[in-house]
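Reader: I would like to learn how to read a structure like this one. Please show it to me and take the features in turn.

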Amino acid sequence: MHLVFVPQIFISHFHGDHSLGMTYYIAHRNLAKLETGKIYVPAAALEPAQALIRSQAALEQARRDYELIPVEPGMLIDFKRQNQMKIFATDHRIPSVGFEVIETRSKLKPEYIGLNQQEIVKLKREGHEIVYPIRMSRMAYVGDSTIKVFEMHPEIMESEILITECTFLADDHYEEAAKRKHIHIRDLVNYLPQIRSQFIVLMHFSMRYTRQEIKYYINRYIPEHERERILLLI
Ligand SMILES: [Zn+2]
Ligand SMILES: [Zn+2]
């Protein structure tokens with residue numbers, strides 16, 4: 001419900017567990033007379049998504065105010081002051097993307113470090129460019145994908161917070177992970193040494209596992225020295 005008040009929504013792909021809230025989001029923003037919500041969707045899903053919204057509106061005999069914006073891998077979208085959303089492709093059964101939050105900050109050029117406030121103001125007045133931009137990857141969200149996403153976009157392993165699916169855990173679900181195009185924990189652990197993120201959030205565990213089973217497999221597969229930075233969304 002609280003997501004209704006978020007003015008911009010990014011949808012990774014249109015499997016129901018990632019997208020069924022869309023029409024609810026639009027309906028409630030309309031009802032609450034909030035400004036038009038912006039919904040970013042994979043370009044290949046644009047028309048069916050529009051049809052879905054139209055059908056829902058027809059069923060409710062209501063007018064709907066919304067903005068659907070198609071995104072393609074490689075795009076950089078300004079969505080918040082100093083923040084851009086980078087769109088990257090993931091490897092899944094239907095067109096699917098992931099999102100990386102890039103923050104741009106101004107940093108003082110090394111030659112000006114140590115100057116006092118007055119000297120800096122003076123340089124600025126004289127028209128000197130005293131800062132340069134630095135870009136930081138604050139967060140990367142993989143959405144649904146196979147393990148290939150880390151080969152396709154190694155830069156997401158540098159993000160401060162990495163949020164990734166880890167759908168399958170049990171040994172006898174290893175083939176199923178490949179077939180259904182999801183990540184198995186056995187593959188994910190191989191990437192841990194390369195991932196430099198401060199926090200790694202694991203989510204999207206198959207509903208067939210209980211909380212206890214999830215914790216059991218995490219303890220079994222994730223080396224102890226890595227566990228401190230692993231967070232589970234269960
Ligand atoms: Zn999916
Ligand atoms: Zn999913």
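Author: Start with the order of some residues: along the chain, the donors of the zinc ion (ligand 2) are spaced D-H-x125-D-x59-H. Two conventions apply: residues are numbered from 1 along each chain as its sequence is written, and chains are lettered from A and ligands numbered from 1 in the order in which they are written. This is a predicted model, in which local features need pLDDT of at least 70, side-chain atom pairs count only at pLDDT 80 or more, and totals for chains, interfaces and linings use all residues; side-chain values use heavy atoms, with hydrogens and water left out.

Reader: What is a donor, and which residues coordinate the zinc ion (ligand 2)?

Author: Donors are N, O and S atoms within 2.8 Å of the metal (3.2 Å for Na, K and Ca); water is not among the atoms, so sites may look incomplete. Here Asp 17 (OD), His 18 (NE2), Asp 144 (OD) and His 204 (NE2) coordinate the zinc ion (ligand 2) at 2.0 to 2.2 Å.

Reader: How is the site of the zinc ion (ligand 2) classed from its angles?

Author: Four donors count as tetrahedral if all angles lie between 85 and 135 degrees; four count as square planar and six as octahedral if opposite donors are over 155 degrees apart and all others between 65 and 115; anything else is irregular. The four donor atoms of the zinc ion (ligand 2) make angles of 85 to 172°, and the site is irregular.

Reader: Where in the fold do His 18 and Asp 144 lie?

Author: Helices (H or I, at least four residues) and strands (E, at least two) are DSSP runs, numbered from the N terminus. His 18 is in helix H1 (residues 16-19) and Asp 144 is in the loop between strand S7 (131-141) and helix H5 (149-152), so the pair ties together parts that are 126 residues apart in sequence.

Reader: Are His 18 and Asp 144 buried or exposed?

Author: Buried means under 20% relative accessible area, exposed over 50%, and partly exposed in between (1.4 Å probe, protein chains only). Both His 18 and Asp 144 are buried.

Reader: Which residues are the protein donors of the zinc ion (ligand 1)?

Author: They are His 13 (NE2), His 15 (ND1), His 92 (NE2) and Asp 144 (OD), at 2.2 to 2.3 Å. Their spacing along the chain is H-x1-H-x76-H-x51-D. The angles among these four donor atoms run from 88 to 165°, and this site is irregular. Asp 144 bridges the zinc ion (ligand 1) and the zinc ion (ligand 2), which lie 3.5 Å apart. His 13 counts as buried because its relative accessibility is 0%; His 15 is buried at 18%.

Reader: What does Ser 145 touch?

Author: Contact means heavy atoms within 4.5 Å. Ser 145, found in the loop between S7 and H5, has contacts beyond its neighbours within four places in sequence, among them Thr 90, Asp 91 and His 92. The side chain of Ser 145 reaches the backbone nitrogen of Asp 91 at 3.1 Å. Ser 145 counts as buried, because its relative accessibility is 0%.

Key:
A polar contact is a pair of N or O atoms within 3.5 Å; within protein, one must be able to donate a hydrogen and the other to accept it, and residues adjacent in sequence count only if both atoms are side-chain atoms.
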